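Here is a short briefing to read alongside the model.

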Amino acid sequence: MTEAPKTQKPKSGWLNILVDYGPIIVFFAVYKYYSPADRENSVAEVLAVITGTVSFMVAAVIALAVSKCKLGHVSPMLWLSTLLIVGFGGLTVLLRDPIWIQVKPTAIYLMFGVVLLVGVWRGKALLKVLLEAAFEGLSDEGWMKLSRNWGVFFLVLAAVNEGLRYWLSFGDWIAAKLWVFLPATFLFTFSQIPMLMRHGMALDEKKDVLEHTPHE
């Protein structure tokens, strides 16, 4: 009897990471390009924020399309993130207030954190659904611990984002998104690998852990 073929995983690699983080890099680059040297020029600052926000929205939609066409799927997390980017971005453009683009990460972090922790409390590892069971061999206990750890980490990120939003200028907050949040997320993801391997994840799955990092 012939062995049933294994389900082929979605393509991954640099394109996966570009889809996840490309829009925020586009936003940062466009905002910096149009940001006035004179920080007191509030009109020019708002214009730079709006221009960056529109670019952010366009890049997010393009990333979603690339994920569908090139990777063959769109994860639930990417769908949700894109919808919130367009929603909060639209509020930023219409109301001409950058606070909406700053509040978006807090909203996403809080929602993911609460949903994951409520799922753990009810005995359900919801992160397995969000990541589309990307890690073969991971036990139910491993998925439960991963959901719990990410739930707590998301709540911490929400608190940090609010603190940085309060204390930093908009430009410095944008820089923090790249130089604080992204490295912290990758370090936290990497720190989960020993636990995942103790709960059944194969050694050759380590690359998938980093490429399927939850993000806002």
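Leu110, Val114, Val118, Trp121 and Leu155 make up a nonpolar patch on the surface, with about 500 Å² of accessible area together. Patches here consist of residues with over 30% relative accessible area and no salt bridge, where like charges are joined within 9 Å and nonpolar side chains (Val, Leu, Ile, Met, Phe, Trp, Tyr) within 5 Å. Accessible areas come from the Shrake-Rupley method with a 1.4 Å probe, and for residues only the protein chains shown count as cover.

This is a predicted model, so local features need pLDDT of at least 70 and side-chain atom pairs count only at pLDDT 80 or more, while totals for chains, interfaces and linings use all residues. Residues are numbered from 1 along each chain as its sequence is written, and side-chain values use heavy atoms, with hydrogens and water left out.

**More on the patch**

- Helix H4 gives the most to the nonpolar patch, with four residues; helices (H or I, at least four residues) and strands (E, at least two) are DSSP runs, numbered from the N terminus.
- Valine 114 sits in helix H4 and is partly exposed, at a relative accessible area of 44%.
- For these labels, buried means under 20% relative accessible area, exposed over 50%, and partly exposed in between (1.4 Å probe, protein chains only).

**Salt bridges**

- You will find two salt bridges in the structure, each being a side-chain nitrogen of Lys or Arg within 4 Å of a carboxyl oxygen of Asp or Glu.
- Glutamate 141 pairs with lysine 145 (3.4 Å, N to O), and both lie in helix H6, four residues apart, about one turn of the helix.
- Glutamate 162 pairs with arginine 165, their closest N and O atoms being 2.6 Å apart; these two are three residues apart in helix H6, or about one helical turn.
- Glutamate 162 is partly exposed at 27% relative accessibility, and arginine 165 is partly exposed at 25%.

**A backbone detail**

- Arginine 96, in the loop between H3 and H4, has a phi near 55°, a positive value in a residue other than glycine.
- Arginine 96 is exposed, with a relative accessible area of 57%.
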